[in-house]
Amino acid sequence: MNQIKLRQQLECFFNEDIGDGDKTSDIIFPNHQEGEIIFLAKSTGIFCGEDIIKLGFSLLDGKIDVQVHLEDGERIEPGQTIATVRGDIKNLLKGERVILNLIQRMSGISTLTNKAVEALDSSYTKICDTRKTTPGLRMLEKYAVTVGGGFNHRFGLYDAVMIKDNHISFAGGIKEAVRAVKQSIGHMIKVEVETESFEQMQDALAAGADVIMFDNISPEDIAKWIPHVPETVTTEASGGITLENLPAYKDCGVDYISLGFITHSATALDISVKASF
């Protein structure tokens, strides 16, 4: 993760939650008092958020001692201690909720991504994410996908061309849309085209697409169409793919399977924070 951007985001998150002060902790603990909290796993999953814990508390108080007992990507079990944090009680309490919310969210995404990778069980086809992320949390959520064993699709509208059905409709066709793009962009930017039929796939290839997405196409049909795609063109399957039907795509031959649910439908992993004396 970009550490500068992470710092900026954490400062923003803390400002949202703390504002001009913690009305509860600042009153109960007006003077410096040492305390300790532990982050405790309450369910099985893939941990993600080491930097969140370390950097988060250091931003609030540089004297806080943070010991993270796991690395991102390690499996955690109920009852396992994730991190031990010691320092000024009021600063521990100011930071715990924001940090906990983030690592629960990120660990939930890593866990679900890992389940998708295991369900597909392919040494060739890779699982990747989409832009279906929480506004403001895209960097963190996409990082969590990689921790779970997945790969990142484009980060935004700015880093790749992806011609979807509405672009095609407004442009008057796939060839027209690709032609317009190719006339303007440089050679370093890839062009992906979303296709919904064999004919659209052929049009996209003829127009010079770098990536073909098979949108809502059965794995059986994809397997039939793949031989018509040059090896220099990357292929991707997306749409209507769930954790349950994912294994059916194992041998269809695509390079990537993009899944929106690994970010937008991930359940936060159950982690708690407990005072330790």
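Begin by selecting K126 and F151: K126 is placed over the face of the F151 ring, 5.6 Å from the ring centre. The model on display is a predicted one, and every distance on this tour is computed from it.

Next, select K142 together with F155. Here the charged end of K142 is positioned over the ring of F155, at 5.2 Å from its centre.

**Aromatic pairs**

Now turn to contacts between rings. How many aromatic pairs are there? The count comes to three aromatic pairs.

Select F39 and F57. Their ring centres are 6.2 Å apart and their planes meet at 70°, so this pair is edge-to-face; the cut-off for that class is an angle over 60 degrees. Colour the secondary structure to see where the two residues belong. F39 is part of strand β1 (residues 34–41), whereas F57 belongs to helix α3 (residues 50–60), so the pair ties together parts that are 18 residues apart in sequence. If a surface is displayed, note that both F39 and F57 are buried.

Move on to F214 and W225. This aromatic pair is tilted, with 6.1 Å from centre to centre and 50° between the planes. Which elements does the pair connect? F214 sits in strand β9 (residues 211–215) and W225 in helix α9 (residues 219–225), so the contact ties together parts that are 11 residues apart in sequence. F214 has 0% relative accessibility and therefore counts as buried. W225 is also buried, because its relative accessible area is 13%, and the cut-off for buried is under 20%.

Ring pairs link F198, F214 and W225 into a cluster.

**Cysteines**

The final stop concerns sulfur. A disulfide is a covalent bond between the sulfur atoms of two cysteines. How many disulfides does a search of the whole structure find? The search finds zero.

C48 is in no disulfide either, and its nearest cysteine sulfur, that of C128, is 17 Å away.

C48, at 0% relative accessibility, counts as buried.

Note on methods: Residues are numbered from 1 along each chain as its sequence is written. This is a predicted model: local features need pLDDT of at least 70, side-chain atom pairs count only at pLDDT 80 or more; totals for chains, interfaces and linings use all residues. Side-chain values use heavy atoms; hydrogens and water are left out. A disulfide is a pair of cysteine sulfur atoms within 2.5 Å. Buried means under 20% relative accessible area, exposed over 50%, partly exposed in between (1.4 Å probe, protein chains only). Rings of Phe, Tyr and Trp (its six-membered ring) pair if their centres lie within 6.5 Å; planes under 30 degrees apart count as stacked, over 60 as edge-to-face and the rest as tilted. Helices (H or I, at least four residues) and strands (E, at least two) are DSSP runs, numbered from the N terminus. A charge sits over a ring if NZ of Lys or CZ of Arg is within 6 Å of the ring centre and within 35 degrees of the ring normal.
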